[in-house]
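Thanks for asking me to look this one over.

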Amino acid sequence: MRKLMILFLAWFICGLSACVDDDGNYNYLPQDLVTIELPGSSNSGSSCIEGTEFVLEPKITWKNPEDEAHFTYTWLVDKDTISHDKVLKYVFPEIKDFYVSLYLTDERTNISYKNSGMFILRVETRYKTGFMVLYKESSGTSRLGFIKVPGNGKTPDGFEYWNEKELYKQFHEGEDLGSNPVRLIQHFSSSYGADDQVLVIQRSGQGPLELDGVTLKKVILTEHEFVNEKVPEIFKPVDVCYNERINLLLNSDGSLYNRMITVSNAFQSNAYSNIPMNIDVDNGVSGGNITLLVQPANSSMTNTILAYDATPEHKRFILVSMAGNNRAGMAVVSSSTGEWPENYVPLDNLGDYNLVYACPCKDDLMTSWNDSYFYFILKDANGKHWIQSCYMPSSSIGKLQINPVSDILKELPKGDQITTKTKFLCHRSGDYLFFTGGINNDILYCYQVNTNKTTVFFNAGATITALSFNEGYTMFGYTGIAIGTANGKVHFVDASRNSIISEGNPTIYKEFEGYGEVVDIIYKHTSAMMQYN
């Protein structure tokens, strides 16, 4: 037995020696003849837009440059060979993440060398960022368009503007979106997520529905999002607040419907209750006719918004808190000092004033850090328009703080130009408030908060029906503003601080036509964080 063990060990050592001495037959002992790097826009890879050619030139370092002539190239995507060229040029077939590898094979030894690290190519939708345009034909048919513009900063070298129309019809085999469109709302699966959907609110046809933010294909009809798919008898959604814990749907009859989000980072994880919210009678919020939700952009994180109760005997604002485990709670707002200051219209009872508009301001994460600031445009019995503001800490439970100098009631310059068709748009910094006006509602004004001055910003030459900033950054100002009109035009105009100060002479970056009657424009953000900031 001992002799057999000795013979076996001798045979094993000899065999191992033979493997090591063989210089060309085993490709699992490569020598360091070449190193391969795939340069990307990030540490792990790069990205490209669907339908466009992706070009990737490797960085190759040879130990002996003369060896290059003996090597061949093989590009693998996932496990499929797609090219044998040195530089990869390829149109990737779908929107997803692809694993890209490059192998260099030495024809003399058949040894292959792979790129260092891992390279992931993310193929993204061409509709990831840009303006989404909701418009209608003369027949009332809803249409969806898209305009590609720079998100922020200067226009990149080589950037090309483009626009498309009738997108829904294009992606649904000729099916129409619906009719009588109202508005668009983009929302995300979480506060930090990039997965998004777009709610299209319309009155006829299919009614309101959700679109996938990547493919722009239909996900679900809103009427199917209620318990047992039973919607209220009067079902005309006006607005929706998409909070991480609770979603709130505002109906045209002033009722609120909510649903608890049971699965984080997911859409439609639960159904809306088909019973209106049970308002807390003990808190003094019994009854009511909610006509407006005033949502800070980061309301998904602050968990608080304001709702306006337009009932004549109330005319008040209500805090809606979504921090609870299973339903939203309400409380009538009040002054943090117990009394409303002089020269301030009490927000728990507007009295002889009527609400014209309310909006959040300074509502990006860098400025507010979960607190909320608001502007209120009010109209008195004589037809004059006024503006006042307030501050609401995230933990205030509806107790508002009013600065007795900067927040008090002020007459809005050029307020006499406001009509029932007026559109408002607040600069996220809170420094500027844009509003349309004039007999034909074709003039865009800019109210400069710090100087209490209103100037003409842009004359559209036709009734203005929609306004939207592009992505931008609050601290630097926005690159531009989209101005949509009733005659189907969209003007993309410089809205930087310097342009605003120029008073009526902004640079027109680009103009687009053929959008029927523009109903709404939103900027489709890259992620929830960009939407909040």
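1. A word on terms to begin: buried means under 20% relative accessible area, exposed over 50%, and partly exposed in between (1.4 Å probe, protein chains only). By that scale, Arg108 counts as partly exposed because its relative accessibility is 45%. Please keep in mind that this is a predicted model, where local features need pLDDT of at least 70, side-chain atom pairs count only at pLDDT 80 or more, and totals for chains, interfaces and linings use all residues. Residues are numbered from 1 along each chain as its sequence is written, and side-chain values use heavy atoms, with hydrogens and water left out.

2. Arg108 meets Asp67 in a salt bridge (3.3 Å, N to O); the term stands for a side-chain nitrogen of Lys or Arg within 4 Å of a carboxyl oxygen of Asp or Glu. This pair links distant parts of the chain, 41 residues apart: Arg108 is in the loop between S8 and S9, and Asp67 in the loop between S4 and S5. Strands (E, at least two residues) are DSSP runs, numbered from the N terminus. The structure holds 17 salt bridges.

3. Lys96 deserves a look of its own. Its side chain forms a salt bridge with that of Asp78 (3.7 Å, N to O). Lys96 lies in the loop between strand S7 (88–91) and S8, and Asp78 in the loop between S5 and strand S6 (80–83), so the bridge ties together parts 18 residues apart in sequence. Lys96 is partly exposed at 31% relative accessible area, and Asp78 is partly exposed at 33%. The charged end of Lys96 also sits over the ring of Phe98, 4.9 Å from its centre (the rule asks for NZ of Lys or CZ of Arg within 6 Å of the ring centre and within 35 degrees of the ring normal).

4. Two backbone angles are worth checking. Most residues other than glycine have a negative phi. Leu216, however, has a positive phi of about 60°; its place is in the loop between strand S16 (209–212) and strand S17 (218–221), and it is buried at 1% relative accessible area. Lys315 has a positive phi near 45°, sits in the loop between strand S22 (304–309) and strand S23 (316–321), and is buried at 11%.

5. Finally, the rings. Rings of Phe, Tyr and Trp (its six-membered ring) pair if their centres lie within 6.5 Å; planes under 30 degrees apart count as stacked, over 60 as edge-to-face and the rest as tilted. The count comes to 28 aromatic pairs. Tyr127 and Trp162 are edge-to-face, 6.0 Å centre to centre with 75° between the planes, and both are buried. Phe374 and Phe376 make a tilted pair, at 6.4 Å and 35°.

Definitions and conventions:
Helix = DSSP H or I, 4+ residues; strand = E, 2+ residues; numbered from the N terminus.
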